[in-house]
Amino acid sequence: MGTAALSPGRRLPPQPRTAIIGASGLVGSALLQLLNKHHFPMASCLEWSPRDFSAAALPPLDLVFWAAPAELARREIPPLVEQGIIVVDLSSAWRMNAKSCLIQRGINQHLLRHHQGLLSCPNCTNVGLVQVLHALLPVHPFFGVDVHTYQAASGGGRRLLQQIHASSADSSLFQNVIPLCDFLQEDGSTAEERRLVEETKALLQRPDLSISATCVRVPTAIGHALSLSLYASTPWPLAAIKKALKSAPLLQLYPDGLAPTPRSIENPELVHVGRIRLGASPKILQMWIVFDNLNMGAASQALWIAQALLP
Ligand SMILES: NC(=O)c1ccc[n+]([C@@H]2O[C@H](COP(=O)([O-])OP(=O)(O)OC[C@H]3O[C@@H](n4cnc5c(N)ncnc54)[C@H](OP(=O)(O)O)[C@@H]3O)[C@@H](O)[C@H]2O)c1
């Protein structure tokens with residue numbers, strides 16, 4: 001392979017030969033629909049089931065979307081990148097690794113200039129949080145973030161979603177909420193809570209932010225919801241905050257008296273924000289955020305990265 005194929009920041013050809021690894025899953029299917037809806041130009045699109053995945057069996061490719069489990073991504077993505085294929089990874093495998101560029105649409109696209117072939121999409125739960133924090137940081141300085149999530153079953157993959165649809169009493173989520181998204185770590189937090197904290201700081205390049213998170217799985221099908229409190233040293237200017245949220249490109253601000261819900265949101269490619277209010281003191285701002293975890297939280301991010309790499 002020539003060095004040009006591995007040069008930093010390289011772009012895709014006008015009609016990349018494309019594969020989706022994990023096309024049968026929730027994220028893979030959402031991505032396929034979005035690629036078609038947005039007429040993403042592809043010379044070919046291979047839909048691959050990774051249970052018999054073998055990099056050697058793939059035809060020549062320019063672009064791989066990885067929508068399969070992280071364990072496989074850790075093992076299988078490096079050889080693809082070595083071959084000169086641009087990989088857009090939706091799993092958590094490489095996000096915080098220096099070999100990958102962690103990119104969120106509208107937040108840090110300048111990093112695309114430096115990618116080395118592997119680009120990671122953010123954790124779905126981060127997408128809504130980061131989009132809102134990014135809109136507010138230039139308006140009013142804050143130091144503390146306290147976020148509580150209500151995460152849909154589809155965030156746990158197809159099997160968990162099927163249990164919700166079947167209203168199966170065998171499912172741990174049946175008539176229940178579970179404050180354990182992903183496995184518990186030694187410090188008592190879960191892997192999902194750690195992702196929410198660490199990736200948010202990385203995406204915003206604000207390691208100083210003090211972020212506390214509690215992530216809860218709830219028996220909704222699609223659509224993550226977040227209850228957010230932000231702590232500042234001076235009173236929050238509510239009018240300026242609402243103006244900034246209203247004008248931010250990927251946000252939809254709901255008027256006072258209306259709240260977005262997972263069932264009510266109409267545009268799945270936006271983050272929906274409502275119930276903007278002050279908390280126990282004028283230095284605490286609170287709000288409610290809802291977004292489609294499969295679309296805005298995942299597929300839309302991957303599509304956008306690939307679009308941005310087209311010539
Ligand atoms: N769900 C979300 O909201 C969301 C958001 C952002 C990122 N992600 C990430 O995106 C990836 C896919 O998530 P998903 O929700 O689409 O999961 P999913 O619905 O469970 O689909 C997973 C895909 O990977 C395959 N797969 C599952 N287990 C496997 C195994 N042990 N070995 C080989 N292949 C396996 C499945 O193939 P079969 O059809 O053969 O089962 C399917 O194609 C994951 O890394 C996840 O963390 C998910």
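The turns below walk through a predicted model, from its domains to its ligand shell and its strands.

Visitor: How many residues does the contact take from domain 1 and from domain 2?
Guide: Start with the spacing. Contact is counted where C-beta atoms, placed from the backbone, lie within 7 Å. The contact takes 15 residues from domain 1 and 18 residues from domain 2.

Visitor: Which element gives the largest share of the side of domain 1 that touches domain 2?
Guide: By class, that side of domain 1 has six nonpolar, seven polar and two charged residues. The largest share is three residues. They come from α7.

Visitor: Why does the shell around the ligand lie between domain 1 and domain 2?
Guide: The shell has 26 residues, and Ser24, Gly25, Ser91, Gly157 and Arg158 are the closest to the ligand. Domain 1 and domain 2 both give residues to this shell, so it lies between them.

Visitor: Which element gives the largest share of the shell around the ligand?
Guide: Two or more residues come from each of α1 (26-37), α2 (70-82) and α7 (295-308). By class, the shell has twelve nonpolar, twelve polar and two charged residues. The largest share is three residues, and the element is α1.

Visitor: Which strands stand at the edges of the six-stranded open sheet?
Guide: The order is β2-β1-β3-β4-β6-β5, with parallel pairing. Each edge strand has a single partner, so one side of it is left without a neighbour in the sheet. The edge strands are β2 (44-48) and β5 (101-102).

Visitor: Which residue in β6 stands opposite Leu102?
Guide: Strand β5 runs parallel to β6 (residues 118-120). Two bridges join them. Opposite Leu102 stands Ser120.

Visitor: In which sense does β11 pair with β10, and over how many bridges?
Guide: Strand β10 spans residues 251-253 and β11 spans residues 271-278. Leu253 has Val273 in β11 as its bridge partner. The sense is parallel, over three bridges.

Visitor: How many residues lie between β11 and β12 in their hairpin?
Guide: Strand β12 covers residues 284-291, and its pairing with β11 is antiparallel, over five bridges. Leu278 has Leu285 in β12 as its bridge partner. Between the two strands of the hairpin, the count is five residues.

Technical notes:
Residues are numbered from 1 along each chain as its sequence is written. This is a predicted model: local features need pLDDT of at least 70, side-chain atom pairs count only at pLDDT 80 or more; totals for chains, interfaces and linings use all residues. A residue is near a molecule or strand if its C-beta atom, placed from the backbone, lies within 6 Å of it. Helices (H or I, at least four residues) and strands (E, at least two) are DSSP runs, numbered from the N terminus. Ala, Val, Leu, Ile, Met, Phe, Trp, Tyr, Cys and Pro count as nonpolar, Asp, Glu, Lys and Arg as charged, and the others, Gly among them, as polar. Domain bounds come from an automatic or database domain assignment. Two strands pair if DSSP finds at least two bridges between them. Two residues are in contact if their C-beta atoms, placed from the backbone, lie within 7 Å.
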